[in-house]
Amino acid sequence: MSRRLFWLLPLALLPVPLLLNPYQQYVLNTALLYVPVGIGFNLVVGNLGLLAFSNVAYFGLGAYTSGVMMVQLGMPWWLTVIPAALVGGIGGAIASIPALRGVRLFYLAIMTLAFGELMRWTYIRWEALTGGSMGMAVPTATLFGWALDTDRRRFYAFLALVVLLVAITDRLLRSRFGRAFLAIKDNEIAAAAMGIPTDRYIVLAFAWGGAVVGVGGAMFAISVGHLTPVSFDLTELIRQFAIIMVGGLASLTGAIIGAVIVTVAPQVFISFPGFDELVFGLLIVLVILFLPRGLASLLARVHPAFVERYYRG
Amino acid sequence: MRIGHAIIASIAMALAIPASADSTQGITDATIVIGNLGPFSGPSSVFTPLNYGPEAYLRYINEQGGVNGRKFTTVFADDSCNEAKGIAAAKKLIYEDKVFMIMSNPCSGVAMAIKPMLVQDGVPWIGASANPKISRPVSPSIFHTTYTGIESGRAMASFAMGKPGTTKIALAMHSDDWAHGYCDNATDYVKSHNGEIVATTALEHGATDGTAQALQIKASGAQAVMACLYQPELIVLLRELQKFQINVIVLGALGADFDQVVQAFPNHDYLNQRFFQPYQFKAKIGSGPLKKFHDIFVKYLTKDELPKVGEPTNFYYFGVPLAIVTVEAFRRAGPNPTRESWEKAVESLKDFDTGVLADTETFGPDKHVGVEKMYAVGLNAQGQETVYRSWGDALADSE
């Protein structure tokens, strides 16, 4: 089985909306929008190996950039996606500054966590732009004049974006950039000694990760239709962290699996109040204990096509 | 090519089929299916009595035979006060569980997020969220049977400023939509009645120390504090104010249970004639006309749905009018209710006494918030819980 067959998966998904009711479609859309969120997070934590927890900041930046441009400037959604990626990317580049100063491990985790909280504080305080803590209603999205006013319609836009982001990130990770990330992760000093400009690659990983997550934020804005700062709090960060932990660190397949599991699992237990938290916590513990490389590593055991080698040799 | 054509055709079909919910969904010959959406998990699960109160009343009505031969069936769904989760939960209720209507969501953010979907599909929502924008401007299927932030915020400010000479007000609040729902409206009232906001201080969720906030309030010279805080943080602030013996009156918002706050102070002399809350009910909790509802809660709720310790708190009572209005509207809608006839029936309610709230419910085509008038509750000079119409004007126990 060739890896190229993986690209048939999006094609197979095309008729799926015919089988789903609006609730199931919304859950599928939510899973889709969390794929780029997982990919971006994984780039820094998984591929680069840095403990940075500012993912929810890029997510919020992307969401609010898209929402504010639609509300304040009357722009169609599709025109806000690239600015959302840019702002997310800039956020990522800013969040990389402590890492460039040599901050690592828990210290980096705390500093980047603070960045996320600072952004949440900004959404609350910048009321004129964001609607403050009361939030802002995001108008119906359009794509080249075509209203994305149902979950079904949004699904196709989301699917196209996710395929694009997965393809670009896959190419990036298979290039010298990906190999540089791996070298930095394995031994940063050795990588620098071999002439790899580590600072440049760290900024790149943070910025691309931020941009990808920013697009996820733009998708979130139109999927939820109402943005409030509460959506970008620590609970959300834990959910996003769970995506890469459950799915698998440094794995694109893992980000996809993680996004699906973390989105769908709570829905299974939605009628059993509080039970989903229990199962969710248990799942994370079990995966960390028995599958430290996530559920994606199970697939890799099943077939070599699922093994992700972002290096030559 | 055939596969390509099939894929294109399937996409076209998927895009062409509209999603819709019919106006008698959830109604059978024997049952009416109600969705009960609330934060059954997460930090906001303290509000779940708002969901259990109406459920107790529906079980009580079921035992009386239901309405027009139909009994109520409730499907619970957890939103954790999270918008994305709330939308999923609401969609599940509507499109999978096929509920007639959604009841009782105390989370304003979730209510605002699901509102466009409810309005688009014409699904009735009746709730207790504080954000007044949920039902203002009027949407055909959205109703508030309890007080929003506008009524509660005004009640907080008007009670405090009813004390002669009180014009300097401080705000102590969370940085979230819930707190703004109260404090913004209290601020509007203060400013429009020649008062002054002399300090605004934030106390975030989970805060265990309020020293800085208490000292800021003291330095501002405030005579009263609008405390738009959840219960744990309200207790923190009151403790700090007590520690520094700061002489201000404190008006809590409806995110705290008055009795539980008072119980957190074994020696509550400091709270006497100092700590008050807007009061939604026509009598003291569990007494007078509210005794009937106390008995309903105790009889019809399970051990898990009742408080682990003590009697049902005011959140249980606050949720009940949702069910009372819902049931009355079904009675008025007749034997073949539709969503439209049920909504018309709610709009037909004038001066309808729920037996619970301080005010009667009055709705109309351009008025979807049923109540306005509120009382205040506090401890009198002897430390006895007292309900006030306004500053210094206490309700007699017999009322």
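Predicted model: local features only at pLDDT ≥ 70, side-chain atom pairs only at ≥ 80, totals over all residues.
**Stop 1: chain B as a whole.** You'll be looking at 12 helices and 13 strands. A compact globule of 399 residues would have a radius of gyration near 21 Å, and chain B comes in at 22 Å, which agrees. Of those 399 residues, 54% count as buried. As for contacts between residues at least 6 apart in sequence, 69% join residues at least 24 apart.

**Stop 2: where chain B touches chain A.** Bring chain A back into view. The contact takes 31 residues from chain B and 34 from chain A. On the chain B side, pick out α1 (2-16), β2 (71-78), α3 (83-96), α4 (108-121) and α6 (177-192), each of which gives two or more residues. By type, the chain B side splits into 17 nonpolar, 6 polar and 8 charged residues.

**Stop 3: the largest nonpolar core.** Now go to B:Val225, B:Met226 and B:Ala227, which touch the most other members of this 227-residue core. Then select residues 198-224 of chain A: that's helix α11, and its 17 residues are the core's largest share. Within chain B, domain 1 (31-147 + 288-347) and domain 2 (150-278 + 375-394) each supply at least three residues to this core.

**Stop 4: around B:Met226.** Which residues does B:Met226 touch, leaving aside those up to four places away in sequence? Select B:Met156, B:Ala157, B:Ile169, B:Leu171, B:Cys183, B:Ala186 and B:Leu251 to see them.

How values were computed:
Residues numbered from 1 in each chain as written. Chains lettered and ligands numbered in written order. Helix = DSSP H or I, 4+ residues; strand = E, 2+ residues; numbered from the N terminus. Rg over C-alpha atoms; globule rule 2.2 N^0.38 Å. Buried ≥ 20, exposed ≤ 12 C-beta atoms within 10 Å, placed from the backbone. Contact = placed C-beta atoms within 7 Å. Nonpolar A, V, L, I, M, F, W, Y, C, P; charged D, E, K, R; others polar. Core = buried A, V, L, I, M, F, W, Y, C linked by C-beta atoms within 7 Å. Domains from an automatic or database assignment.
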